[in-house]
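The tour goes through aromatic side chains, then a pocket.

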Amino acid sequence: MSHKVAVRTGKDRIRYTLCFEATLMMFLVPAGALFFDKSLLDIGLLGCVLVTKAMLVGLLYNWVFDMIDARAGRVSSDRSTIGRLVHATGFEVSLTLTSLPIYVWWLDVTILEALAADIVVTTVVVAYTYVYTLAYDRLFPVQNNPVPA
């Protein structure tokens, strides 16, 4: 039996993504500049490249994850703790796989150095993703925009 489950609108997904990335860059760019001994401009530009890539990956990843939830009869803003952990971890794995080549090239580091730095950043970002998404879901709960499951 098919029933309709509300999902986020495209406008809501864009608001989520822009706010997520802007807030994240405010603390990662200064930390990255300090860690890699690079200028704020250099790390800021790298951040812009990575944020653009992350937003595109994020829009696709979140849409697919939401559609999986909807097909299972779940509303995305009502995810369980386990569902949120799976969502955040899967998102970070997809970002790591797409970011490592950029880090290696931009920072002129080895793949292992890039991976080590990414593990640190990813650990911080996974926790941030969980907290940010939980707060976002409370501030902007899914409205009644049902789509076929």
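Which residues form one aromatic cluster? Select Tyr16, Phe20, Phe27, Tyr128, Tyr132, Tyr136 and Phe140: they make up the cluster. Keep in mind that this is a predicted model. Across the whole structure, a search finds 13 aromatic pairs.

Start with Tyr16 and Tyr136. Their rings pair edge-to-face, 5.1 Å centre to centre, with 90 degrees between the planes. Tyr16 sits in helix H1 (residues 10-36) and Tyr136 in helix H4 (residues 111-139), so this pair ties together parts 120 residues apart in sequence. Both Tyr16 and Tyr136 are buried.

Compare the accessibility of the two partners. Tyr136 is buried, at a relative accessible area of 3%. Phe140 is partly exposed, at 31%.

Next, select Arg15. Arg15 lies over the face of Phe140, 3.7 Å from the ring centre.

Move on to the largest pocket. Its volume is about 630 Å³. Select Leu28, Leu50, Tyr103, Val121 and Val125, which lie nearest the pocket centre among its 32 lining residues. Then colour by element: H1, helix H2 (40-71), helix H3 (81-107) and H4 each give two or more residues to the lining.

Which element gives the largest share of that lining? H1 does, with 10 residues.

Finish by colouring the lining by class. There are 23 nonpolar, five polar and four charged residues.

Terms used
Residues are numbered from 1 along each chain as its sequence is written. This is a predicted model: local features need pLDDT of at least 70, side-chain atom pairs count only at pLDDT 80 or more; totals for chains, interfaces and linings use all residues. Side-chain values use heavy atoms; hydrogens and water are left out. Rings of Phe, Tyr and Trp (its six-membered ring) pair if their centres lie within 6.5 Å; planes under 30 degrees apart count as stacked, over 60 as edge-to-face and the rest as tilted. Helices (H or I, at least four residues) and strands (E, at least two) are DSSP runs, numbered from the N terminus. Buried means under 20% relative accessible area, exposed over 50%, partly exposed in between (1.4 Å probe, protein chains only). A charge sits over a ring if NZ of Lys or CZ of Arg is within 6 Å of the ring centre and within 35 degrees of the ring normal. On a 1 Å grid over the protein atoms alone, a cavity is a set of points where a 1.4 Å probe fits but cannot get out, and a pocket is an open set with protein on both sides within 12 Å along at least five of seven lines; lining residues have an atom within 4 Å of a point. Grid points are joined across faces, edges and corners, and a volume is the space filled by probe spheres set on the points. Ala, Val, Leu, Ile, Met, Phe, Trp, Tyr, Cys and Pro count as nonpolar, Asp, Glu, Lys and Arg as charged, and the others, Gly among them, as polar.
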